[in-house]
Amino acid sequence: QNPELGFTVTLVVLAISLFISSINIVASTSISREGSTFWISKLIPVSPREQVLAKLFHSTVLSLIGIIPIIAIAQLLIGLSAFRVLALVILGIFGSFMLNTMNLIIDLIRPKLEWNDPQEAIKQNLNAMLGMLLSLISIALLAGISVILILVKSPEWLVYLILAIIMGSMDVITIQLLFALAKRQYARIEA
């Protein structure tokens, strides 16, 4: 309830939101879950770019289903300002999109298409663990940048802006990499 801690609490809520997004393994197993039916994805008249984009939007929406309630609960319990709620929503979307794109890239590079039980594609897939690890490293780096910005007494709006620029830039870089890999990998993957 201390108003001076509102900024710190907002960043903690963002970290929790991104952590919840990081445990979403939909993106890091989306190619693997197709298994032996992946050949259909190679035949349908939809480009690999559009297919991975659909998978990315699906996983990001599922992540946001976890993030939005956290922000709403924080708002109810703590009473964040409208500016902070808006910052959380925007940063949550940027961060979730970034994490899901990185996780989908991992599964695109090394899909596990040979499995006997659908649970095997999810629970026994190293891609899920690699995706979570990469996500946690990314969150830790963002937290480190936030701490540095706070220590140099940056204004709150500037911290949010810098985080948005970093995550937005990563969104652009990772989506371009995803599209380039999709075209190449869909041609190379044998189902």
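Mentor: Let us begin with the buried residues of helix H1, where buried means under 20% relative accessible area, exposed over 50% and partly exposed in between, with a 1.4 Å probe and protein chains only: they are Gly-6, Phe-7, Thr-10, Leu-11, Val-13, Leu-14, Ser-17, Leu-18, Ser-21 and Ser-22. This is a predicted model, in which local features need pLDDT of at least 70 and side-chain atom pairs count only at pLDDT 80 or more, while totals for chains, interfaces and linings use all residues. Residues are numbered from 1 along each chain as its sequence is written, and side-chain values use heavy atoms, with hydrogens and water left out. Helices are DSSP runs of H or I with at least four residues, numbered from the N terminus.

H1 covers residues 6-22, and its 17 residues should span 24 Å at 1.5 Å a residue, which agrees with the 24 Å between its end C-alpha atoms; the expected span is 1.5 Å times one less than the number of residues. Among the elements that cover the buried residues of H1 are helix H3 (48-78), H4, helix H6 (126-151) and H7.

Two of these, H4 (residues 82-109) and H7 (residues 156-188), pack at an angle of about 25°, with their axes 8 Å apart. H4 is therefore roughly parallel to H7, a term for angles under 35 degrees. The residues of the contact (heavy atoms within 4.5 Å) of H4 with H7 divide into 23 nonpolar, five polar and three charged; Ala, Val, Leu, Ile, Met, Phe, Trp, Tyr, Cys and Pro count as nonpolar, Asp, Glu, Lys and Arg as charged, and the others, Gly among them, as polar.

Notes
Axes fitted to C-alpha atoms, helices over the stretch in contact; angles between N-to-C directions. Helix = DSSP H or I, 4+ residues; strand = E, 2+ residues; numbered from the N terminus. Parallel < 35°, antiparallel > 145°, perpendicular 65-115°, else oblique.
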